[in-house]
2 protein chains.
Amino acid sequence: MTSAPRSRTLPSGEPRPRYDQDSLLAVAAEVFTERGYDGTSMEHLSRASGLSKSSIYHHVEGKEQLLRLALERALDPLLASLNEPDVTTGRAVDRLHHLIRRDVEILADRLPYVTLLLRVHGNTETERWALDQRRGFDRRVAKLVQQAIDEGDVRSDVDARTTARLIFGVVNSLIEWYRPGRDTSPAELADQIASMVLDGIRT
Amino acid sequence: MTSAPRSRTLPSGEPRPRYDQDSLLAVAAEVFTERGYDGTSMEHLSRASGLSKSSIYHHVEGKEQLLRLALERALDPLLASLNEPDVTTGRAVDRLHHLIRRDVEILADRLPYVTLLLRVHGNTETERWALDQRRGFDRRVAKLVQQAIDEGDVRSDVDARTTARLIFGVVNSLIEWYRPGRDTSPAELADQIASMVLDGIRT
DNA sequence: GTCTATATGTTGATAGAC
DNA sequence: GTCTATCAACATATAGAC
């Protein structure tokens, strides 16, 4: 698991992330991702982290808080991507292009966290919250696609909502097989995908 | 999938739901699909089916057998689609077109079963078996894409394996939102998707 | 901050009456 | 074929010593 420098003073604004909580979170995301949230017991997390079960409770309130923190690791950059300059200015089809590239990069960068996000079932309050955040994201992408259709750059024989869903169907499917390091670089992959997707949807 | 009571008329008194293995399976697939396999307890299945837990054990050996039967409902037609005449004769790009159309139809027809298949984590023997079947399917699709590249009909700047994965990334993402009846007809959807995908990957 | 030991509830599965 | 009652195993979480 990744280790982070511990004693550096961080810029104010966010509560100082605790080293132990962070590395525990990385382990938890990996195990949740592999076994599913429900299929993961505190015993599994204990073995994977090398901590006893009760020591884990020293760092986090419980299993569900680990889930929430891990999901935020995926949701924060994804939601932020919608507000980046490249995605908020210019022709809609170009903004869409940037968004696709950006989100492939985020997915590659935060793979276990995004994988977790995409596999969540609405069994707990935290899971339902995550699903709700995803829906909000999807809605905003659909709006962008609609704009691109209105501007005449994207085919209009398929409706915007469907097109938006298919686009992120492709992007999100990366979690099933993409492994940074082993496969193409994130930037190159992002180019290939954006190119294929746009060839498929353009007028 | 609706939890179908037996078609037979029941003896006098209350219309107690009677189940055979098939209708129980439909309920199980629905609940597994909604809550995840690990997140589903026999108690959940009991409530959803109207049977007591122990009555469920009269029909099936246990929870994992329900999973296996449900997964076969998805895997059988998917694997069979690879051997259909339209998919085994002619130019590779056309066979690919047929395969995409066919699998969108299968997905629409067996939605809860395919959804379950695509969400499985390798925690149990049955789950690992399903993952293995999926890998075999993917390999055969990748071969077909490679043929289409060799025949000059599909772009060669992205490798066959990646292209195959992206194609079924789109198709499989349907489980996230497609609902037969509410949305476009399966045939129409299959056309739209095949069209977009092929526009994206053709030379 | 870590551990062992344990409280308390839920799980998949079984026994046996009707 | 259905049910109620029950089990052993395992779940999340806590107590308290070091």
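**Charged pairs and helix packing**

Colleague: Does A:Arg155 count as buried or exposed?

Modeller: The relative accessibility of A:Arg155 is 9%. With a 1.4 Å probe and protein chains only, buried means under 20% relative accessible area, exposed over 50%, and partly exposed in between. A:Arg155 therefore counts as buried.

Colleague: What kind of model is this, and how are its parts numbered?

Modeller: This is a predicted model, in which local features need pLDDT of at least 70 and side-chain atom pairs count only at pLDDT 80 or more, while totals for chains, interfaces and linings use all residues. Side-chain values use heavy atoms, with hydrogens and water left out; chains are lettered from A and ligands numbered from 1 in the order in which they are written, and residues are numbered along each chain, as its sequence is written, from 1.

Colleague: Which residue forms a salt bridge with A:Arg155?

Modeller: A salt bridge is a side-chain nitrogen of Lys or Arg within 4 Å of a carboxyl oxygen of Asp or Glu. For A:Arg155, the N to O distance is 3.3 Å, and the partner is B:Asp199. The pair crosses between chains: A:Arg155 lies in the loop between α8 (125–150) and α9 (160–172) of chain A, and the partner in helix α10 (residues 186–201) of chain B.

Colleague: How many residues apart are A:Arg102 and A:Glu105 in their helix?

Modeller: The side chains of A:Arg102 and A:Glu105 meet in a salt bridge at 3.5 Å, N to O. A:Arg102 is partly exposed at 29% relative accessible area, and A:Glu105 is partly exposed at 26%. Helices (H or I, at least four residues) and strands (E, at least two) are DSSP runs, numbered from the N terminus. Both residues belong to helix α6 (residues 92–109) of chain A, where about one helical turn separates them because their spacing is 3 residues.

Colleague: Which side chain of opposite charge is nearest to A:Arg134?

Modeller: A:Arg134 is placed in helix α8 of chain A. Lys and Arg count as positive, and Asp and Glu as negative, while His and the chain ends are not counted. A:Arg134 is buried yet has no salt bridge. At 4.2 Å, the nearest side chain of opposite charge is B:Glu176.

Colleague: At what angle do helices α4 and α7 of chain A cross?

Modeller: Two packed helices are described by the angle between their axes and the distance between the axes. Axes are lines fitted to C-alpha atoms, for helices over the stretch in contact, and angles run from 0 to 180 degrees between N-to-C directions. The axes of α4 (residues 63–81) and α7 (residues 111–119) of chain A come within 8 Å, and they cross at roughly 100°.

Colleague: How many helices does chain A have?

Modeller: Of the 203 residues of chain A, 46% count as buried. Chain A has 0 strands, and its number of helices is 10.
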